[in-house]
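Good morning, and thank you for coming.

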Amino acid sequence: MATNFVDRKELPGAFAAICALPVVCYLAAFLCNDVSGCPVPSILHPQSLTLAKLKNEAGWPQDGLQGLASFRVTGYVLAYYLSSLVLQAALPGLVVQGVQLRSGGRLEYKFNAFSSAVTLVLIAAAGTYLQGPEFALWTFIWDNYIQLISVNLGIAFALATFVYCRSFSIKPGNKHKRELAAGGHSGNIIYDFFIGRELNPRITVPVLGTIDIKAFCELRPGILGWILLDLAFVVHQYKLYGFVSDSIILITLFQSLYVFDALWMEPAILSTMDITTDGFGFMLAFGDLVWLPFIYSLQARYLAVYPVQLGLVGIAGVLAVQGFGYWIFRSSNNEKNRFRTNPDDPRIAHLHFMKTKSGIKLLTSGWWGFSRHPNYLGDWIMAWSYCLPTAIAGYVVRHGDMIDGQGFVSGGLVKQQVLQGEARGWGMLITYFYVFYFTVLLIHREMRDEEACKRKYGDDWEEYKKKVRWRLLPGIY
């Protein structure tokens, strides 16, 4: 039975996200490529644009829609997911109790995402050591990039559909501690499918044991897939030009730091909204498995084709942005996590807090007195360091007789020339898309957080807002 109200304005947004966001992933892949340019030349000359010309420049598969996926790629992707599940079950890990559930009790989590990821990366490193840049993994990723999007999109839809249908079997007081998400059972099929009905869907598989689907998707195949994509793009740049640019090294290092830091701090996800509040639906399934790896790696994919050399001054500037953002992000998250998991930790003994009527303590000093969402601010600053190395982006690709002495000319049997030309600046619509999208995402998420806290704490939240006035950045927002 539906027990909560959903604003009508949220329904079109959920429907649009389900339909449009997968298309955005394909558009980013096709309109910025190594066939004709980034963006494809026809986009800059709409008066001469035809569908046939656009398909040719975008590298549309010769067999049409059938070329967007393949059984072979599907098999390898499923094997990758299975390897993550096997490592989760086989490797030792930290067993932790989750937060108190509304229905009572706590769920148990096993955390070993860091060691699982390191194991897979070491296997890839060993293959690269033995076979060099021709290691099959890197070639497979580059050659089947579009198909990889399709397969992971299919998995996201399948998981979202499975957990949505299965959520109707939840009974009050069940022994498995299954419960519906507070905001996920509005009674509207589209919205509930998108936002997720069940809070923490779990399944038990022989040999593999209990699998928390949401926690698995959060920090397993998708987030590591992001780094594997980056590494494949680094290798591709080396294969094309015989060198690796400082810009792609920086981006890969920054994003690897972000990912492996998240994996190392895996228990911290237990205090995030994704785990404590949001159900698992299409929003998280698609976000974790498709949007995160394929959209967040766009900059490295761009640089694989058009290398940018930053020099010492450029490197120093980007490092400063990354370091500042990371310091805010990690220190604020650590502060919150320590306060929630071990209030007696001497490192947070100086912090002040207010106690709500429900007994929950809310920080009013330190980072969480600076603003109500300081971790989002740090995350946003870091986002710029992922885009800045692409500089003023945009390039065109020339083949055959059109090649002259400008730009970058790839080696190999089939030579191609890459230069900025008239595309200079237009590529920023793609390489800087991440930071603009991330701004909208964080503001939307911050607003959702505010609404959730208002419902949870009532008048106490209004009192808290008087003590901590600013949402993200004091004096601005």
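This is a predicted model: local features need pLDDT of at least 70, side-chain atom pairs count only at pLDDT 80 or more; totals for chains, interfaces and linings use all residues.

Residues are numbered from 1 along each chain as its sequence is written, and side-chain values use heavy atoms, with hydrogens and water left out.

Let me begin with the strands. Helices (H or I, at least four residues) and strands (E, at least two) are DSSP runs, numbered from the N terminus. Two strands are said to pair if DSSP finds at least two bridges between them. Strand S2, residues 94–97, runs antiparallel to S3, with four bridges joining the two. Within that pair, Leu 94 stands opposite Phe 111 of S3. In a regular strand the side chains alternate between the two faces of the sheet. Buried here means under 20% relative accessible area, exposed over 50%, and partly exposed in between, with a 1.4 Å probe and protein chains only.

What covers the picture in strand S10, residues 416–419: one face or both? Both faces are covered, with Gln 416 and Val 418 on one side and Gln 417 and Leu 419 on the other, all buried. S10 is joined by four bridges to strand S8, residues 395–399, and the two run antiparallel. Leu 419 in S10 is the bridge partner of Val 396.

A hairpin is formed by S4 and S5, with three residues between the strands; Val 207 takes a positive phi near 75° there. Four bridges join strand S4 (residues 202–205) to strand S5 (residues 209–212) in antiparallel fashion, and Val 205 stands opposite Gly 209.

I turn to helix H13, residues 282–296. Its 15 residues place the end C-alpha atoms only 18 Å apart, short of the 21 Å that a straight helix would reach at 1.5 Å a residue; the expected span is 1.5 Å times one less than the number of residues. H13 has a kink of about 40° centred on Asp 288, the bend at a residue being the angle between axes fitted to the seven residues ending there and the seven starting there. Since 13 of its 15 residues are buried, H13 is largely enclosed by the rest of the structure.

Ser 245 lies in the loop between helix H10 (221–241) and helix H11 (246–264). Ser 245 is buried, with a relative accessible area of 0%. Leaving aside residues up to four places away in sequence, Ser 245 touches Gln 237, Pro 307, Val 308 and Gln 309, where contact means heavy atoms within 4.5 Å.

Finally, the spaces. On a 1 Å grid over the protein atoms alone, a cavity is a set of points where a 1.4 Å probe fits but cannot get out, and a pocket is an open set with protein on both sides within 12 Å along at least five of seven lines; lining residues have an atom within 4 Å of a point. Grid points are joined across faces, edges and corners, and a volume is the space filled by probe spheres set on the points. The largest cavity holds about 60 Å³, and helix H5 (113–131) supplies the largest share of its lining, four residues.
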